[in-house]
Amino acid sequence: MIPLSWYLLFAAALFCIGLFGVLSRKNAVAILMGIELMLNAVNVNLIAFWRYLAPAGIAGQAFAIMVFAVAAAEVAVGLALIISVYRRRDTVAADEIDMLKW
Amino acid sequence: MDPLQIIFFIFAVITLVAAFLVVTAKSLVHSALWLILALFGVAVLYVLLDAGFFAAAQVLIYIGAIAILFIFAVMLTRKDLRDAGSQQNGTWPLAAVLAVVLFAGLFFILSSWSSFGMPKPDMPAGANALSDLGLALVSANAYLLPFELASVLLVAAMIGAIYVSLIKK
Amino acid sequence: MATETLIWLLPLPPILAFFLIVLFTNRSKWFSHTIAVGAALLSWLGSMIVFIRAVQTEHLGQHPFESSIPWLATGDTFLKIGVLVDPLAAVTLFFVAWTVLMIFIYSVGYNNFGQPKGDHDKPGLPPHGATATDNQGHNHAVLSIEPMYSRFFAFIGLFAFGMYTLVVSDNLLTLFVGWEIMGLCSYLLIGFWFQKPSARAAAIKAFITTRVGDVFMLLGVAYLYSETNTLSFREIFTPENLIRLAEKPSVLPILGLSTAGLIGVLLFIGTIGKSAQWPLHVWLPDAMEGPTPVSAMIHAATMVSAGVYMVIRMFPLLSAGMENGQLTAAMQLMAVIGSFTALFAATIAVAQNDIKRVLAYSTISQLGFMIAALGIGAYVAAAFHLVTHAFFKALLFLGSGSVIHGMEHGVLHTGNHHVDPQDMYNMGGLRKKMPVTFWTFLIGGFALSGFPLVTAGFWSKDEILADAFGHHHWVVFGTLALAALLTAFYTMRQITLTFLGEPRTEEARHAHETPWTMLLPLVVLAVFAVTFGWVGIPEDFMGLRLPPNWFHEFVGGTLLEHPEKLTFNWLPLLTSLFVALGGLSLGWVVYIKVKAGMGDPLAKPLGRVYGWMKNKWYHDQVYDTLFIKPAYWISEQFTYLFMDRKVIDGFLHLFARLTPWIGKGLREKIDLPVINGVIGDGSARVTQYFGRRLKFVQTGKVQQYMLAALVFTFATLVYFLFTLRP
Amino acid sequence: MEFLRDPISFIGNWLEGLLLGWKMAPSAATALIQLLGAFIVGTFSLALVIFTIWVERKLYARIQDRLGPNRVGPWGIFQTFPDMIKIFTKEYITPDGADKVVYNLAPILTVSAVILLWAVIPFARTVVGSDVNVGVLYIVAVGAIGTLGIIMAGWSSNNKYALFGAFRTISQMVSYEVPMVLALLVPVLLGRTMGINSLVEAQTVWFAVLSPLAALLFFFSAQAEIGRAPFDLLEAESELVAGYQTEYSGLKFGMFYVGEFLHAFTVSALTASLFLGGWRGPGAEQWPILGMAYFFVKTFIVYFFVIVLRITMPRLRIDQMLNFNWKFLTPVALVLLIATALVEKGLQLVGQDSMVLRTVVHLGMNLLIVWGTVEILRRSARKERQRVSEPRPVAIAPQTQASD
């Protein structure tokens, strides 16, 4: 029997790895991948909590569905933005896209 | 250890290793492929959580759509198909420290929670998770509005993505 | 469908038509009139179903069709709006539905649907005709289509909505809403040809004059609400409420009026404005500037009827406190105003030459009949006359429109645009050119005059006279009888001048019968102008034993106490026979010989009185001197010269002078040294100093920002975890 | 007798009893039997390809007025075996600069994605690999893995033709997934379940009769998913050498080859299950062996059409392929899905649940949509013809203007 703690620790680890990716990768696409990992960690938590704490309810699953939708939308728009940036600046390295400072 | 635990353990390790490779791999295409493996591992965990629908949806949405988009994007945003040089930026050690500290903090907080190690309860009798979920998503006094909003969001994202990446004449 | 639901739906089609036309179909004339007429047809159908169900229901007066919903929260309670169809509303609905439908159909023809676009027509002016070329290549002057065709149908749709709302509403509030919608529409429709200065003036006159009445009515409504906490008819008219209102003295100690009396008088002033009673009657003749279907809408089916309908509706309140035939103050006022108006308007009508103006004054006069009837307590007679009058007056107006239309044909034919197609002295002999119009107009005219036994007007007018006689109101009886005589006289004058004799102008010789869309409504209304009277024949008429008086039984059931029936008396019957036939034959004798270029045969014998009558007893001039000139004077002298120029401008100038002085002082003492020196430059210097030292933090690298944000978030989190943990 | 009625369940039960008799833990026994079942199904499906390759080649030849394989065995039925031996013994070539792991993983993934589909196909009432309750979703999800295999192959080959082929594949597969999923939702609506076996059980009337349009839409978009003619532009020889499989040789190429044939057969099986009543037929409830026969008969009939389509249709251009999907299949599928949902809900609201009425209404609705579509197509075709037939200057010839 798998205790809840396993899932929670797994999700925490996945989240931290994703966060590391977001903070450390140069390539903007890779940053998006990190975000996907984080979203997945959240989803694992949602489903695990649903299954362990409230198996009769549906709130956890419903939230997970929303996360799916948001993830899909986020990737679509994010990648479109990245491609658009690439067309203009010829690079997708996050630390080269630093026009923000002026 | 019972077989389920073994399966969990195997796939959790695979997933975490794959995830780690996602954020460290030199080649971005490899990164994307590792991402697929990690997402597949998560799908297996969904099965272990009695959420078959989510497993199928995970494979369909993440592997079938999102990961392929990633591969596409990786290939579209480069001149050379091979990646050269480090893919980490200058602050990566700080980021690593932060991630580890965060995990430690989470572990610390979680471990002091009373139901941290609770065993899996049986599914309540007569509950059909899938059809309950489906009905809840279209029931006006449950999640109809968020569900519709999600679909609107997807349409908006689609239009936005097309607009943003359109080559304007 | 449940009757209540159906009643709720009744006003909807016209308003939908209004929005559809305004928003979508205003480019297409065919769509516009199809939608409008279709909507009118739907409402008509619904009204007929409601009417039939109402007639079949026993004791409708005690248990009317009603339903209401809470609408507007006022503190703890809700203002309710709802619908109510009792016998009175049912018969009103009946005539409203018929006349509205007929007018809609008529409008299609009147606005020359199917004719070409005019050569010089502009929106805001009546159509002037177009030139059409036929197969042989000859040019003809033909009628041209109204340039704002769709707009017209949108407006009358809104108008119909107002009327239906008013009729089916179960409370004074929605009644007032419908009332005001109609006020707006009448303004829009009278000023429909807004490029004509006279139309603009008439529209403004109508709007402002009726507004005077409406203000008082609103006061009455508000007073009523503050007294009873409800505006629903059924709740106001409970005996307890009525007795309380009748016994409580009013807030204004005038003439010892009771609360009910004061409210009644205030509401009645609303009716004076809406139904054009003296002294607020002046707007109605001028409203003839609008297109003829508009005149018919306003004069027969809707607005003016609405005024009378409202007082009939409020009759229990008006008559509250009436004992042993002793009239209440409000009723006395109504009797006096009503009978005076009836006579007074009739005298003016005698001397008018414009075919529509005659009818306008006749309307005022007939409405005076109803008001007077209500004033003497003849509730059923007033309602009966309201219905019959609506039918024959709509018929007459539409007939006159048809005549004008025919005359315009003649004008186009001769090309002499100085001939007024509305002047009866330019007509004559039209019966041969326009037979259908003639016969229907004749029926309408006879109904108006009260031609004995066959016409509806006879039965309703006779009932009023009989009531006045039976309750011994001699003055009212005498006045109304005289008014009825004049009515018959000017009606026959009109018919004779218009249709009989020989054509007096070239234009009249070339007049032309109008299209079927205009004739069909005339025929339908003519049928009602005759037959509707038959439902109200007293059962002991001339000592015969006839079937019971259906109208009396049905409408009388609206009141809690069923009004008693009068026994038959020969004297009023003979009076009305005499006045009707006498007036008619007199009119024929005097006017049959009028030739072209002759003046009015009455001008000489009546002398100066004729001049007074022709000039409407100089009301417009009196109002001009009494109200409008002073108003202008006050505006000029007080508001403009004193208030605006002296006081307000003076203030402005004062400020204008003060401001630079203060500004200069502020600039030199505060702005330059303190603000600029210390706050402005000083803070800039400080900012610059810190900016120089901190600018290295802003790398522009998103991930570093996020890292920093997360570090601080965790730091805060940890701090709170360790300090706040118990 | 029991064995004859339902041989596979019989053997399964017998094996389980045997294993339990050997004091094996029940869960372990179940796992072992399922593993065995998966092995058998996988092997069977791959072996089946040996037969279908022959069928296809024979048919191909007959339609092209040739004899086809005729040397090895009667009617050349064993021709595939020498071919297999040849392909096994060929050299494996890994191109220079290829990403080795990915390169070698790609064919395996492609084939396994197809075989995974067989897990949910019901052969008979009792013979189902895994009766998951989200079977339809599973089919679509697993289809995505196949796409993945192809893109991996294309990318890792370090060959521009391979990469182009992979890109084409993705644009085609991702596009055609849309109408396919929409068409798959129609049986889900009609059967009110997502499990494949329950869908088969729900087909008292074939869904192909209830909603022939959905069946056709699924069939066509599935052809594109397989990537065979007329949708084979991912490996168009005249343009891309051999598309994503250009660099593969030997058994690795063979796996793509087998994957393609097996995919075609699998799609036929799915069509048969989802629209043609699967194992349903007279007596199939009591005699699962009969159901199995029905299933295969139906599958082969569909497969026959797949082959004929492949043989007789010319290849589409890429713009035609995309237009066909986005301007024809997807709108029609959307309309059909919405109409089906409305009709189902309407019938439910009215309270009419008789199968006859449902059939008539749905069939009528389908025909109506077909009629409307044809009408629209006819109009646009007329316009197009007019546009095309208008004389247009091919080139500007100045001297003719001068001579006029």
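Modeller: Start with helix H6 (residues 172-190) of chain C and helix H7 (residues 197-228) of chain C, which pack with axes 8 Å apart at an angle of about 170°. Helices here are DSSP runs of H or I with at least four residues, strands are runs of E with at least two, and both are numbered from the N terminus. Axes are lines fitted to C-alpha atoms, for helices over the stretch in contact, and angles run from 0 to 180 degrees between N-to-C directions.

Biologist: Why are H6(C) and H7(C) called roughly antiparallel?

Modeller: Under 35 degrees counts as roughly parallel, over 145 as roughly antiparallel, 65 to 115 as roughly perpendicular, and the rest as oblique. The angle is about 170°, therefore H6(C) and H7(C) are roughly antiparallel.

Biologist: Which residues make the contact?

Modeller: Among them are Leu172(C), Phe176(C) and Glu180(C) of H6(C), and Ala199(C), Ala202(C) and Asp214(C) of H7(C). Contact requires C-beta atoms, placed from the backbone, to lie within 7 Å. By class, this contact has 11 nonpolar, 3 polar and 2 charged residues. Nonpolar covers Ala, Val, Leu, Ile, Met, Phe, Trp, Tyr, Cys and Pro; charged covers Asp, Glu, Lys and Arg; the others, Gly among them, are polar.

Biologist: How far can the model be trusted, and how are its parts named?

Modeller: This is a predicted model, in which local features need pLDDT of at least 70 and side-chain atom pairs count only at pLDDT 80 or more, while totals for chains, interfaces and linings use all residues. Residues are numbered from 1 along each chain as its sequence is written, and chains are lettered from A and ligands numbered from 1 in the order in which they are written. The predictor gives the complex an ipTM of 0.68 and a pTM of 0.54. pLDDT is the predictor's confidence in each residue, from 0 to 100. For chain D its mean is 83, and 97% of the residues reach 70 or more. Confidence in chain D is lowest in helix H16 (residues 398-403), at a mean of 55, and highest in helix H10 (residues 212-226), at 88.

Biologist: What makes Tyr106(C) count as buried?

Modeller: A residue is buried if 20 or more other C-beta atoms lie within 10 Å of its own, exposed if 12 or fewer, and partly exposed in between. Tyr106(C) has 27 such neighbours, so it counts as buried. Tyr106(C) is in helix H4 (residues 87-110) of chain C and touches Pro293(C), Leu398(C) and Thr517(C), among others. Of the 726 residues of chain C, 51% count as buried.

Biologist: How do you classify Ala276(C) and Asn158(D)?

Modeller: Ala276(C) has 31 C-beta neighbours inside 10 Å, so it is buried. Asn158(D) has 17 and is therefore partly exposed. Ala276(C) has a positive phi of about 55° although it is not a glycine, and phi of Asn158(D), also not a glycine, is near 55°. Asn158(D) lies in the loop between helix H6 (135-156) and helix H7 (160-191) of chain D.

Biologist: Why is helix H15 of chain D said to lie largely in the open?

Modeller: Of the 35 residues of H15(D), the number buried is 2, so H15(D) lies largely in the open. H15(D) (residues 355-389) reaches 50 Å from first C-alpha to last, close to the expected 51 Å, a span of 1.5 Å times one less than the number of residues.

Methods: Two residues are in contact if their C-beta atoms, placed from the backbone, lie within 7 Å. Lists of a residue's contacts leave out its neighbours within four places in sequence.
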